[in-house]
Amino acid sequence: MLSEGWKCFCCPQILKYPRRSVVAPIQHPPSEPAPSQPLPQTEHCSPPPPPRPVRPKRKKSDITLAAVVIIQTWFRRRRALYEMRRKTAWTIYQNIEYAGEQDQLKLYNFFLELMQAVTTNPHDAQVVAKVLRRNSSLTGLAEELDLKHLTTPEAITVESSYRGPHIHTPIHKGHFEALILAFQRGELLHAHYVLLILHELRHILKRLPNVNIVSTHQSRYVTVVGDLHGSLADLMVIFHKNGLPSNENPYIFNGDIVDRGFQSMEVFLLISVAVIVYPNNVYLNRGNHEDHVLNLRYGFMKEIIYKYKSHATRLLRLFENIYSWLPIASLIDDHIFVAHGGISDITDLNKINEIKRQKYISVLSPNFIIPANEDQFQISSISDEVLLEWRQILDLLWSDPKQADGCEPNTYRGGGCYWGPDVTEKILQKHNWTLLIRSHECKEEGFGYSHDKKVLTIFSASNYYAVGSNRGAYVKIITNQPPIIIQFMATRATHKTLTLWERVSYVEDQAIQNLAEKFSVNKSRLMKEFALVDPGNTGRISVNAWCDIVSHVLDLQLPWRTLRARLVDTDISGMVIYESTFRSKELRFTSNISTNPRRESLCQAIYRNKDLLETVFRAIDKDNSGVISMQEFTEVCSFLGKHNGSKLDEKQIMDLAASIDLNKNGVIDFNEFLEAFRIVDVGDRFQN
């Protein structure tokens, strides 16, 4: 072994390039002179490698630029992935929402077709008559007297134990501010005072024209608020940012005040009191959800029954009448038209002003298709003049804009129309309008322009689909100035602030959960279709077949290929393991319901139509008792089976009804029905 100070001279030197200012070069000992020439090569030694070229030093600016490019590339890819996930989740939510509205309108169109046709089935006729018949068949003065008698506030006594706000006439600003504080504390206004406020509102609404005439010349501006859907938090944010309504701070509330949210009553009462206190500066347009038919399905009726129990019938009857008196549009400074849904190619302001709007207790179920009693279930043909008048209101409340020219039925929602930029240009020129402001459609940023900025959509309910799914917005119309749009998002103090990525992930997860529930309640239908394309019973089908089947069965036009990785498993060859479609959600029944295959299929069919069943049940349950007879339950299920094109065995339905009747009292309590079926998380059984 040689020591560190000695070098081998039998081999040539191997040149090593020193690292900059890190390793010092080897110094020769002073006693031994450096060799002047290389030693002869031996057979054991290899020639020295050629010297490596010295790389030029990179400038600091070059390194910085390269880092910037890498970061930008990463950010753009991340942003593109975020945008794709966001749009996919948004598409899922909108498809599911509009599918529900389609079902609702298809059901009532089916009722109308049955009533216009000569039906030989008395059970169908009876169900239709019960559903479409109003709570009162009286008209004119008799109906007015009956309504006042039933809904008079004096019929309800305020208990001494009541600790909420007290309201008396004349209603003033102090009452308005007291209600705001009480509702923020979670207090419930007594039914006596609710009826008092609603009667005062009705008294004002009956004096108003079909189209509110709004001027900004005194106040210099007006604020337009879009859909609130029972979100008290959003209304409070608007009042905080924009100020409370007053003669100096006018408001237009553009419909859809109720439904979906769990504080629809509080929101409607606050806006009602604002209209009462400032009748010349606070305006309320009718939306498509200001309709008792939609309230049956989308939550407001259920909220009233839950909060006011024994007084629910009075309140529902009065709300039903108030909806019919709401103005259907507003006109700002003669050139900005404000309607909830929009317009169509037949929109005519003169014809709109001539309509007796109080006839339309329900826009979906107007007076000319309501039977007087259960025996009169058939109606004569409807005249073109009546249909044209109906369409004027229907289009104002239900329509949506589209990018292409023309006007066509709105098959996506099931009601109103789709109108294009040519229709906007035509109607605006016809009436000398410059802008159309509408709501009715959730926007991710709370607003959206279309048709060359001549149509403005304003949506004021933030977090509409899920927490973080969208912003809310309102617009200020200032005299001789462009509209000013203010965005916001209501958050609870208990919720931490989410990053953009966390918000998208949460919204996407909720959307996927909704789809998983759809799969679980359509399991029998899906498995039947899967089996048809898998005759060998391998449990595997192609991706194309899986996408086509779920799109057809669920009737949802979604990017199924993109969603496949989140919804189903595949094997190493890329084939879909189709039973994994039902891996996370399962429809389970109460313990006293046996689950043979036929019973399971029937239960899935009934649960799949749960929302429609609830709509029909609540329509039949005129006294809001929450119960219907076993026979009515069977008739309704059979009737809806025919509506959906599926045959349901009446004997099986009756057996199921007996199983659902938990307390065995011979009637179906709708709460019992809801408790009989439950969608539960079962975990990923294929991974476990």
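**A helix pair and its setting**

Mentor: Happy to. In this predicted model, helix α15 (residues 523–532) and helix α16 (residues 543–554) have axes that come within 10 Å and cross at roughly 145 degrees. Two packed helices are described by just these quantities, the angle between their axes and the distance between the axes. The crossing of α15 and α16 is right-handed. On the α15 side the contact is made by Arg525, Leu526, Glu529 and Phe530, and α16 brings Trp546, Ile549, Val550 and Val553 to meet them. Sorted by type, the residues of this contact comprise six nonpolar and two charged, with no polar residue.

The pair can also be placed in an annotation. An unreviewed UniProt entry lists "domain: EF-hand" for residues 521–556, 608–643 and 648–683.

Now step back to the protein as a whole. There are 22 helices and 21 strands, and 51% of the 688 residues count as buried. The accessible surface comes to about 34800 Å², with 53% of that belonging to carbon and sulfur atoms. Among contacts with a separation of 6 or more, 74% are accounted for by residues 24 or more positions apart.

Start with Val423, which is found in helix α13 (residues 421–431). Val423 counts as buried because its relative accessibility is 4%, and buried means under 20%. Asp345 is 78 residues away from Val423 in sequence, yet their C-alpha atoms are 5.7 Å apart in space. Leaving aside neighbours within four places in sequence, Val423 is in contact with Ile343, Ser344, Asp345, Gly406 and Cys407.

Next is His335, in the loop between β5 (329–332) and β6 (336–338). His335 is partly exposed, with a relative accessible area of 28%. Asn432 lies 97 residues from His335 in sequence and 6.3 Å from it in space, C-alpha to C-alpha. With neighbours within four places in sequence set aside, the contacts of His335 are Asn432, Trp433, Thr434 and Leu435.

Then there is Asn254, found in the loop between β3 (251–253) and α7 (264–277).

Most residues other than glycine have a negative phi, and most peptide bonds are trans. Arg220 has a phi near 75 degrees, a positive value in a residue other than glycine. Arg220 sits in the loop between β1 (211–214) and β2 (221–225), and with 61% relative accessibility it counts as exposed. His440 also has a positive phi, near 75 degrees. The loop holding His440 runs between β10 (435–438) and β11 (447–450). Here the setting is a buried one, since His440 has 5% relative accessibility.

The peptide bond to pick out is the one from Thr169 to Pro170, which is cis, with omega near -5 degrees. Pro170 belongs to the loop between α3 (140–151) and α4 (173–184).

To return to your helix pair: keep α15 and α16 in view with their right-handed crossing, and look along the contact for Arg525 and Glu529 on α15, among the residues that divide into six nonpolar and two charged.

How values were computed:
Residues are numbered from 1 along each chain as its sequence is written. This is a predicted model: local features need pLDDT of at least 70, side-chain atom pairs count only at pLDDT 80 or more; totals for chains, interfaces and linings use all residues. Side-chain values use heavy atoms; hydrogens and water are left out. Axes are lines fitted to C-alpha atoms, for helices over the stretch in contact, and angles run from 0 to 180 degrees between N-to-C directions. Helices (H or I, at least four residues) and strands (E, at least two) are DSSP runs, numbered from the N terminus. A crossing is left-handed if the near helix is turned anticlockwise from the far one by less than a right angle, and right-handed if clockwise. Contact means heavy atoms within 4.5 Å. Ala, Val, Leu, Ile, Met, Phe, Trp, Tyr, Cys and Pro count as nonpolar, Asp, Glu, Lys and Arg as charged, and the others, Gly among them, as polar. UniProt positions are given in the numbering used here, feature names are shortened, and annotations may be inferred rather than shown by experiment. Buried means under 20% relative accessible area, exposed over 50%, partly exposed in between (1.4 Å probe, protein chains only). Accessible areas come from the Shrake-Rupley method with a 1.4 Å probe; for residues, only the protein chains shown count as cover.
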